[in-house]
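Please open the structure in the viewer and keep the selection tool at hand.

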Amino acid sequence: MSLNSIFQYFVPKDKKVFFPLFEQASSNVVSMATILVEAVNSNNAATREELFKQIDKLENKGDETTHQIYLELGKNFITPFDREDIHSLATAIDDVADYIQGAANRMMLYNVSEINDHIRKLSELILQASIDLEKAVKELKDLRNVRNIADSCIRINSVENQADYVFDRAVADLFLYEKDAINLIKYKEIYSALETATDMCEDAANVMESILVKNA
Amino acid sequence: MSLNSIFQYFVPKDKKVFFPLFEQASSNVVSMATILVEAVNSNNAATREELFKQIDKLENKGDETTHQIYLELGKNFITPFDREDIHSLATAIDDVADYIQGAANRMMLYNVSEINDHIRKLSELILQASIDLEKAVKELKDLRNVRNIADSCIRINSVENQADYVFDRAVADLFLYEKDAINLIKYKEIYSALETATDMCEDAANVMESILVKNA
Amino acid sequence: MSLNSIFQYFVPKDKKVFFPLFEQASSNVVSMATILVEAVNSNNAATREELFKQIDKLENKGDETTHQIYLELGKNFITPFDREDIHSLATAIDDVADYIQGAANRMMLYNVSEINDHIRKLSELILQASIDLEKAVKELKDLRNVRNIADSCIRINSVENQADYVFDRAVADLFLYEKDAINLIKYKEIYSALETATDMCEDAANVMESILVKNA
């Protein structure tokens with residue numbers, strides 16, 4: 001153990017490897033959410049398709065970052081937090097990216113021509129949660145502003161609650177007004193992917209809260 | 001560290017803060033499940049609506065308890081179990097409440113007028129699992145009756161299996177007899193929320209089993 | 001505690017109890033996946049039904065193995081890995097079995113008469129992932145071939161990605177060509193259970209990766 005401590009003293013930079021990767025992953029999610037909001041606010045189907053493809057590319061980029069975090073975990077024996085938490089946080093951020101891409105993908109695959117207010121509102125909420133996710137991740141570096149991280153996590157939770165509410169209303173609307181069952185299914189699937197993206201932001205916030213709790 | 005240990009010596013009551021909160025959270029779930037069973041056994045739509053709204057309020061109350069557990073985790077450095085397990089158990093109990101409320105909410109939002117035997121049976125199973133959840137949580141306090149906790153967890157698992165079975169039969173029935181696709185989707189969604197509530201009870205049981213395993 | 005340590009000294013074989021159980025659980029999943037592939041390649045509905053029932057029986061057998069792992073966890077205080085990881089890995093393998101059985105079950109319950117290429121492809125992918133799961137589990141015993149475990153995990157991840165892709169295409173096809181909404185829902189549910197089985201293989205791979213990370 002004391003030998004470890006000595007060794008630790010000589011390689012303090014090991015710890016630093018993870019923060020740039022986490023920042024990269026979370027800022028990639030913000031880019032994806034920004035493009036999503038742009039896409040669902042466009043009236044031009046071709047423009048939307050183009051933007052959805054950009055989301056697809058960013059998701060691949062995110063996958064690489066996640067994989068790199070896993071690789072670094074294998075190589076480094078000094079980590080800033082519990083290895084499991086690093087693994088869980090990387091996975092949670094990757095899940096956010098997956099669901100944003102999943103929602104975009106469904107809009108493309110199902111040939112959805114009409115983007116409605118529910119889709120726009122949910123996309124907007126994803127962007128909000130992503131921005132707070134990025135903020136919190138950036139603060140993890142020094143844990144000096146624990147309050148800021150906790151506040152971002154609380155805001156993410158609140159956004160997730162709002163997304164639940166919008167989702168419920170959106171689905172209730174489908175059952176009230178959509179008479180074509182297949183259309184109803186299409187939209188429900190898209191709402192669901194969007195709403196789950198905010199759930200995944202909440203998962204990431206939960207991991208960060210538990211990091212705070214352990215390192216308090 | 002040694003200073004912490006001294007401090008620890010003077011505040012052994014810290015540990016006790018969590019048990020009343022867990023009991024509060026689990027007995028709140030029992031109340032929600034009890035009202036759910038009452039609601040789905042009522043023939044009066046207005047009465048049901050009234051009861052569903054009570055479930056909604058209890059869910060909010062549960063959210064506050066969950067949040068208080070998280071806050072206490074941040075404030076206390078002496079915890080009766082691993083901090084992660086406290087966090088996971090609080091989250092799992094909160095998830096049960098979420099799905100009970102989710103099922104009630106869907107019955108309201110989708111204007112479901114006919115409550116059938118599948119819904120009644122699933123609600124009954126949720127109540128059974130919730131009662132065992134509360135029992136097990138109460139025993140966590142002293143871990144003297146490990147056998148009782150283990151038995152409750154086994155019963156929760158068995159209830160979850162029964163709920164799976166009822167869910168499968170219920171969905172098969174929909175595909176056999178429901179010719180209106182939109183109605184079929186509505187009921188499938190409601191069955192699914194109810195069945196997932198029992199899954200979440202199982203998650204809570206899993207966390208408690210892993211607490212037993214670690215503290216055996 | 002010191003008595004425990006002495007006892008511990010005399011029963012080093014305790015550790016060995018888990019590996020045969022894990023191998024049993026994972027080879028049971030391979031059997032289930034093999035029968036699934038056989039079933040979906042058969043043109044005879046009666047043969048398929050017979051094979052689906054075999055899957056059901058194997059799932060029950062798997063449940064018993066999982067339960068035995070949990071029991072051993074309670075009895076043994078020497079474990080080859082963190083108790084939590086043993087618990088998580090057992091749960092993840094059990095989940096794979098659950099979803100294979102779930103998919104088979106849905107094909108039976110929904111009276112699905114036509115098995116298509118998407119179902120065959122997804123079943124094939126489940127078998128591939130299961131074989132790699134079994135391989136990796138067998139290597140856990142000595143951790144001498146860490147590279148092999150890591151490679152199997154990477155292949156499982158790649159299979160899961162392929163399954164995502166097949167699932168997306170399959171659902172897009174439904175929306176393009178299936179005009180009967182109820183049929184559309186049936187097939188979507190079956191695709192979804194199959195795809196989730198590969199997700200659960202990925203979960204198991206993630207647990208193994210995190211075991212590697214901790215024991216590196």
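Predicted model: local features only at pLDDT ≥ 70, side-chain atom pairs only at ≥ 80, totals over all residues.

**Stop 1: the fold of chain A**

Followed along the sequence, the pattern reads α-α-α-α-α-α-α. Along the principal axes, the C-alpha atoms of chain A fill a box of roughly 70 × 30 × 25 Å. Among the contacts in chain A between residues at least 6 apart in sequence, 80% join residues at least 24 apart.

Next, colour the charged side chains of chain A. There are 23 positive and 36 negative side chains. The centres of these two sets lie 4 Å apart.

**Stop 2: where chain B meets chain A**

How many residues does the contact take from chain B and from chain A? The contact takes 15 residues from chain B and 17 residues from chain A. Together, chain B and chain A bury about 1,400 Å² between them, with 70% of it on carbon and sulfur atoms. Now select B:L109, B:I182 and B:I185, which supply 35% of the area that chain B buries against chain A, more than any other three residues.

Which residue forms a salt bridge with A:K188? Select B:E189 to see the partner: the closest N and O atoms of B:E189 and A:K188 are 2.8 Å apart. Across the interface of chain B and chain A, the rule finds 1 salt bridge.

**Stop 3: a leucine with positive phi in chain B**

Most residues other than glycine have a negative phi. With that in mind, select B:L143, a residue other than glycine whose phi is positive, near 55°. B:L143 is found in the loop between helix 5 (117-139) and helix 6 (146-177) of chain B. Is this residue, B:L143, buried or partly exposed? B:L143 is partly exposed because its relative accessible area is 22%, whereas buried would require under 20%.

**Stop 4: position 143 in chain C**

Finally, move to chain C and select C:L143. Although C:L143 is not a glycine, its phi is positive, at about 55°. The loop that holds C:L143 runs between helix 5 (117-139) and helix 6 (146-177) of chain C. C:L143 counts as partly exposed, at 22% relative accessibility.

Notes:
Residues numbered from 1 in each chain as written. Chains lettered and ligands numbered in written order. Heavy atoms only, no water. Helix = DSSP H or I, 4+ residues; strand = E, 2+ residues; numbered from the N terminus. Contact = heavy atoms within 4.5 Å. Lys, Arg positive; Asp, Glu negative; His and termini not counted. Charge placed at Lys NZ, Arg CZ, Asp CG, Glu CD. Buried area = accessible area lost by both parts, 1.4 Å probe. Salt bridge = Lys/Arg side-chain N within 4 Å of Asp/Glu carboxyl O. Buried < 20%, exposed > 50% of the residue type's maximum accessible area, 1.4 Å probe, protein only.
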